[in-house]
Amino acid sequence: MAVRPQALYKQVAQDMRKKIIRGTWKPGAQIPTEDKLTAQFGVSRPTVRQAVAELRTEGLLDVQQGRGTFVRGLAPDRAEPVWIDRTVSRTGERYECTGDWSNEEDPTIYRVRVDATAAEILHIEEGEAAYLVDRLIIHQPSGTRARYTTLLPMEAITSTPIAQDPAIPTAEAYTHLAAAHGPLQFREAVSARMPNPDERAVLQLPDSVPVLISQRVTQTEPDGNRLILETTTIGAGATHVIFTHRPADQ
């Protein structure tokens, strides 16, 4: 299990992403050479290459062999609606999650202290120790990107395998939590706002598109003891999200 601060190449990628979003680097323009970028950011060539690779994966940069690296800009909005299923079901003691999602990059795990907002949602004390797992995920049928984070208070996961591997798949986490705490139920809250520049770039959203913020609280069925908080941030342009909880044997 790797618990680490944000990698240096991600910091460089974030700075480069801002230049694209703010129009400093315009669509179609060639970005500075590798030598100039290493000097500008004060980092090594491998760090610059990793940052460029990340922005290339996001669709913001186009690397042309023998010519250089060019800005592709932000992806256009799609005309057709995208239906995203976030159903949770239970068969016997096992939980399953519906949805054709995959990780676009390896999850990043942080050791954090729960802030006031999350503490209020989870009904715990501010400052409690927790793991935060941050993922960039992609919906395979549509190519829709989402930022998905899971906040795991230590007190809720200490007696489970999640404590050794906070980035296990969500359905497995539900199964382990149910084994430790009893049957689960889920509460969903959805809000919308305009994205910040980093969100707009990572999710590849046009300027006028807001984001949906879906927060799911997993809690015990008998007493409502709140265990984990999941937050999914996704473009709201043409996205419809389906929420269903199917109890066992249904």
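**Terms and their grounds**

Tutor: The model is a predicted one. In it, Y95, Y174 and F186 form one aromatic cluster.

Student: How many aromatic pairs does a search of the whole structure find?

Tutor: The search finds 3 aromatic pairs. One of them is formed by Y95 and Y174, an edge-to-face pair.

Student: Why is the pair of Y95 and Y174 called edge-to-face?

Tutor: The two ring centres are 6.3 Å apart, and rings pair if their centres lie within 6.5 Å.

Student: How do you know that the charged end of R216 sits over the ring of F186?

Tutor: The charged end of R216 is 5.7 Å from the centre of the F186 ring, and the distance criterion is within 6 Å. The term also requires a position within 35 degrees of the ring normal; the charged end of R216 is accordingly listed as sitting over the ring of F186.

Student: Why is the contact between the side chains of E105 and K10 called polar?

Tutor: The side chains of E105 and K10 are joined at 3.4 Å, and the cut-off for a pair of N or O atoms is within 3.5 Å. E105 itself lies in the loop between strand 6 (101-103) and strand 7 (108-113).

Student: What makes the length of helix 1 close to the expected one?

Tutor: Helix 1 (residues 8-21) has 14 residues and reaches 20 Å from its first C-alpha to its last, where 20 Å is expected at 1.5 Å a residue.

Student: Which residues of helix 1 are buried, and why are they said to line one face?

Tutor: K10, V12, A13, M16, R17 and I20 are buried in helix 1. Viewed down the axis, the buried residues fall within an arc of 155 degrees, so they line one face of helix 1.

Student: How do you know that the buried residues of helix 2 share a side?

Tutor: The buried residues there are L37, T38 and F41. Their arc around the axis is only 100 degrees, which puts them on the same side of helix 2. The face turned away from that buried side carries the exposed residues K36 and A39.

Technical notes:
Residues numbered from 1 in each chain as written. Predicted model: local features only at pLDDT ≥ 70, side-chain atom pairs only at ≥ 80, totals over all residues. Heavy atoms only, no water. Helix = DSSP H or I, 4+ residues; strand = E, 2+ residues; numbered from the N terminus. Polar contact = N/O pair within 3.5 Å; in protein donor to acceptor, adjacent residues only side chain to side chain. Phe/Tyr/Trp six-rings, centres within 6.5 Å; stacked < 30°, edge-to-face > 60°. Expected span 1.5 Å × (residues − 1). Buried < 20%, exposed > 50% of the residue type's maximum accessible area, 1.4 Å probe, protein only. Arc of directions from axis to C-beta.
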